[in-house]
Amino acid sequence: MTSPLTPEAITEALGTRVIGRRVICLERTASTNDRAWAEAEHRAKEGTVVFAEEQTKGRGRLGRAWHSPRGAGIWMSVLLRPDMPVDRYPLLTSVGAVAVAAAVAGSIPSMPRVRWPNDVVVGGRKIAGVLAEARDLSARRPPAVLGIGVNVNIAKGEFPRELREFSTSLSIEAGAPVNRLRFARALLVELDHLYAEVCGGDVEGFSERWRALLDLLGERVRVKTGGRWHVGRLVDIDPCEGIFLRSDAGPPHRYRVEHVEMLRPAEPRA
Ligand code: BT5
């Protein structure tokens with residue numbers, strides 16, 4: 001276990017414009033996303049970041065659980081008040097994923113990929129997940145919370161059995177423990193830069209970078225939506241519009257992110 005993260009160490013000469021203007025470090029919390037929402041209710045500044053050493057109820061999409069063991073990862077959430085129309089909010093997930101991928105690339109020898117909509121994978125195994133949440137979408141400039149979980153120093157055998165085969169961590173990939181503080185600071189810097197880019201309107205430039213990192217484009221995948229699996233070739237992905245699948249059965253179809261439960265390579269046909 002590495003030493004605990006502190007606001008002073010994280011923010012010292014960080015040089016970011018928005019992200020990390022205020023940093024809160026907790027020993028333990030249910031979910032850093034919940035704590036960030038509580039901060040939003042108290043009118044906390046945009047860019048407030050909540051880190052926790054441990055989450056007891058870390059969550060993923062669609063009510064799934066996020067394994068967040070003590071001192072072994074970056075479990076953090078950022079409060080945002082995006083200056084963009086709400087139909088562009090799905091971009092926030094992509095901003096989180098690209099920022100994580102950039103920070104991961106600076107810490108390990110192999111190249112991470114982004115698996116739409118919200119995973120960062122290395123060698124096909126999940127190293128990080130992003131959970132962007134928005135509430136009260138009818139408000140003027142509604143806040144959003146961008147939650148990010150990155151497995152930093154977790155050995156293979158320390159993952160719960162059901163995750164072991166599909167998960168990895170920075171230390172597994174680097175072959176040595178990774179400095180969490182350095183990684184956390186690099187991640188905030190990347191986030192700050194990319195968030196400014198999309199809020200500044202350079203969605204094209206951002207999307208290009210995002211597309212270059214995308215995993216599975218052109219490959220056969222399985223998609224679960226409305227309780228049914230669909231198999232087909234992944235022909236296109238748009239950060240806001242969703243995925244375009246040329247299905248094996250029936251006409252090509254576009255699936256929006258909120259309707260897709262899982263996206264993964266299809267098993268080879270027998
Ligand atoms: C995600 O959901 O990948 C989003 C995870 C976001 C976690 C962060 S931590 C800080 C902030 N506070 C929170 O409460 N959440 C955010 P999803 O795509 O639904 O993936 C969830 C699935 O990933 C689970 O059902 C497991 O199969 C798998 N999983 C759980 N924990 C994992 C881990 N540590 N590493 C890799 N895979 C994991």
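Modeller: One term before we start: helices (H or I, at least four residues) and strands (E, at least two) are DSSP runs, numbered from the N terminus. Also keep in mind that this is a predicted model.

Colleague: Fine. Where is Glu219 found, and is Glu219 buried, partly exposed or exposed?
Modeller: Glu219 is found in the loop between H7 and S8. Its relative accessible area is 39%. Buried means under 20% and exposed means over 50%, with partly exposed in between. That makes Glu219 partly exposed.

Colleague: How many Å separate the C-alpha atoms of Glu219 and Val145?
Modeller: Along the chain, Glu219 and Val145 are 74 residues apart.

Colleague: Leu216 has a positive phi. Is Leu216 buried or exposed?
Modeller: Most residues other than glycine have a negative phi. Leu216 is not a glycine, yet its phi is about 75 degrees, and its place is in the loop between H7 and strand S8 (220–225). The relative accessible area of Leu216 is 4%, and the cut-off for buried is under 20%. So Leu216 is buried.

Colleague: And Asp136, with its positive phi, is that one buried or exposed?
Modeller: Asp136 has phi near 55 degrees, again in a residue other than glycine, and lies in the loop between S6 and S7. Its relative accessible area is 51%, where exposed means over 50%. So Asp136 is exposed.

Colleague: Now helix H7. Where do its buried residues fall, seen down the axis?
Modeller: H7 covers residues 203–213, and its buried residues are Val203, Phe206, Ser207, Trp210 and Leu213. Seen down the axis, these fall within an arc of 115 degrees, so they line one face of the helix. An α-helix has 3.6 residues a turn, so residues three or four places apart point the same way. For the buried residues of H7, the place is one face of the helix.

Colleague: Which residues are exposed on the other side of H7?
Modeller: Exposed means a relative accessible area over 50%. On the other side of H7, the residues that are exposed are Glu204, Glu208 and Ala212.

Colleague: What is the volume of the largest pocket?
Modeller: Rolling a probe the size of a water molecule over the atoms shows where empty space is left. For the largest pocket, the volume comes to about 1100 Å³.

Colleague: Which element gives the most to the lining of the largest pocket?
Modeller: The lining has 43 residues, with Trp66, Asp119, Lys126, Leu163 and Phe166 nearest the centre of the pocket. Among the elements that give two or more residues are helix H2 (32–41), strand S3 (73–80) and strand S6 (125–134). With five residues, the one that gives the most is S6.

Colleague: How many residues of that lining are charged?
Modeller: The lining of the largest pocket divides into nonpolar, polar and charged residues. There are 17 nonpolar and 15 polar ones, and the number of charged ones is eleven.

Colleague: Which residue lies over the face of Trp229?
Modeller: A charge sits over a ring if CZ of Arg is within 6 Å of the ring centre and within 35 degrees of the ring normal. Here the distance from the ring centre of Trp229 is 4.2 Å. The residue lying over that face is Arg222.

Colleague: How many aromatic pairs does a search of the whole structure find?
Modeller: Rings of Phe, Tyr and Trp pair if their centres lie within 6.5 Å. Over the whole structure, the number of aromatic pairs found is zero.

Colleague: Last one. Is Ala97 buried or exposed?
Modeller: Ala97 has its place in helix H3 (residues 90–105). Its relative accessibility is 0%, with the cut-off for buried at under 20%. So Ala97 counts as buried.

Notes: Residues numbered from 1 in each chain as written. Predicted model: local features only at pLDDT ≥ 70, side-chain atom pairs only at ≥ 80, totals over all residues. Heavy atoms only, no water. Phe/Tyr/Trp six-rings, centres within 6.5 Å; stacked < 30°, edge-to-face > 60°. 1 Å grid on protein atoms, 1.4 Å probe; cavity = no way out; pocket = protein on both sides within 12 Å on 5 of 7 lines; lining within 4 Å. Points joined across faces, edges and corners; volume = space filled by probe spheres on them. Nonpolar A, V, L, I, M, F, W, Y, C, P; charged D, E, K, R; others polar. Buried < 20%, exposed > 50% of the residue type's maximum accessible area, 1.4 Å probe, protein only. Arc of directions from axis to C-beta.
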